Amino acid sequence: GSWRALNGSGLVPSQQLSEVNAHAASLQLEFQPAFIQLLGVLGLGPSVAIYPILPHGKLSTMGVPLWSAGGQIRYQLRYFREQPLVPVVAYEADYWMYRFDQLRETGRYWTYGPTAGLWLLLNTLDSSSATSIYTEYGISRTYLVAELKMKRGGIPARRIDSRAYYFGLRFEL
């Protein structure tokens with residue numbers, strides 16, 4: 001998730017871009033087929049995100065006017081088992097849908113962009129909890145995730161050009 005997902009870009013042309021704050025909550029799934037693993041770990045998969053907007057001006061009663069669905073390809077620079085810090089790079093493409101009831105406007109567009117991040121393996125901090133989670137739920141690794149996502153795209157009235165920090169958890173089965 002991100003506290004300031006779009007840096008206010010491309011939401012409402014009549015307002016200052018910095019005045020509108022969209023949050024983000026996203027879910028990404030990733031598959032890592034063994035036949036494409038050479039050096040590091042390469043994965044690909046679908047993603048979905050919602051972007052709630054804090055009440056402000058013309059968007060004062062909005063709930064979740066933005067959402068997206070898409071996919072990503074991600075490369076983890078992970079070269080040994082239980083590597084404590086894992087740098088990652090990714091490229092994402094998302095199909096956005098928006099609906100601003102008060103402005104009587106709906107639309108759809110694509111955004112694309114790279115992602116760079118660093119993951120901290122939590123298993124190394126508490127190995128007994130990691131063993132318990134693996135035994136009970138089958139989760140082999142848990143990471144604390146910090147990523148910078150850069151997105152561009154849209155339509156002339158709704159251009160997205162943002163850099164946003166995302167933080168979260170990653171669970172590997």
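In which strand is Leu120 found? Select Leu120 and colour the chain by secondary structure: the residue is in strand S5. Strands (E, at least two residues) and helices (H or I, at least four) are DSSP runs, numbered from the N terminus. Leu120 counts as partly exposed, at 28% relative accessibility. Here buried means under 20% relative accessible area, exposed means over 50%, and partly exposed lies in between, with a 1.4 Å probe and protein chains only.

The model is predicted, so local features need pLDDT of at least 70 and side-chain atom pairs count only at pLDDT 80 or more, while totals for chains, interfaces and linings use all residues. Residues are numbered from 1 along each chain as its sequence is written, and side-chain values use heavy atoms, with hydrogens and water left out.

**Whole chain**

Show the whole chain as a cartoon. One helix and seven strands are present, and from the N terminus the elements run β-β-β-β-β-α-β-β. Of the 173 residues in the chain, 40% are buried.

**The sheet**

Select the seven strands. They form an open sheet in the order S1-S2-S3-S4-S5-S6-S7, with antiparallel pairing; two strands pair if DSSP finds at least two bridges between them. Strand S1 (25-28) and strand S7 (158-172) are at the edges, each with a single partner strand, so one side of each has no neighbour in the sheet. From one strand to the next the twist averages 20°, where axes are lines fitted to C-alpha atoms, for helices over the stretch in contact, and angles run from 0 to 180 degrees between N-to-C directions.

Now select strand S6 (residues 141-155) together with S7. These two pair in the antiparallel sense over 15 bridges. Lys151 stands opposite Ser162 in S7.

Return to strand S5 (residues 105-121) and pick Gly107, which has its place there. Gly107 counts as buried, at 19% relative accessibility. Its C-alpha atom is separated by 9.1 Å from that of Arg158, 51 residues apart along the chain.

**Helix and loop**

Next, select helix H1 (residues 127-137). One of its 11 residues is buried, so the helix lies largely in the open. Gly138 follows H1 and has a positive phi, near 80°.

Move to Glu82, in the loop between S3 and S4. Its phi is positive, about 60°, although Glu82 is not a glycine. Most residues other than glycine have a negative phi. Glu82 is partly exposed, with a relative accessible area of 32%.

**Nonpolar cores**

Select Ala5, Leu6, Tyr51, Leu66, Trp96 and Tyr166. Of the 15 residues in the largest nonpolar core, these touch the most other members. A nonpolar core is a set of buried Ala, Val, Leu, Ile, Met, Phe, Trp, Tyr and Cys residues joined through side-chain atoms within 4.5 Å. S2, S4 and S7 are the elements that give two or more residues to the largest core. Another core, of six residues, lies apart from it; among its members are Val88, Trp119, Tyr143 and Val145.

**Cavity and pocket**

How many cavities of 30 Å³ or more does the structure hold? There is one. On a 1 Å grid over the protein atoms alone, a cavity is a set of points where a 1.4 Å probe fits but cannot get out; a pocket is an open set with protein on both sides within 12 Å along at least five of seven lines, and lining residues have an atom within 4 Å of a point. The largest cavity has a volume of about 80 Å³, volume being the space filled by probe spheres set on the points, with grid points joined across faces, edges and corners. Select its lining, including Ser26, Val48, Glu92, Lys151 and Tyr166. The largest share, four residues, comes from S2.

Finish at the largest pocket, of about 650 Å³. Of the 24 residues that line it, Gln28, Leu29, Leu169, Arg170 and Phe171 are the closest to its centre. S7 gives the most to this lining, with seven residues.
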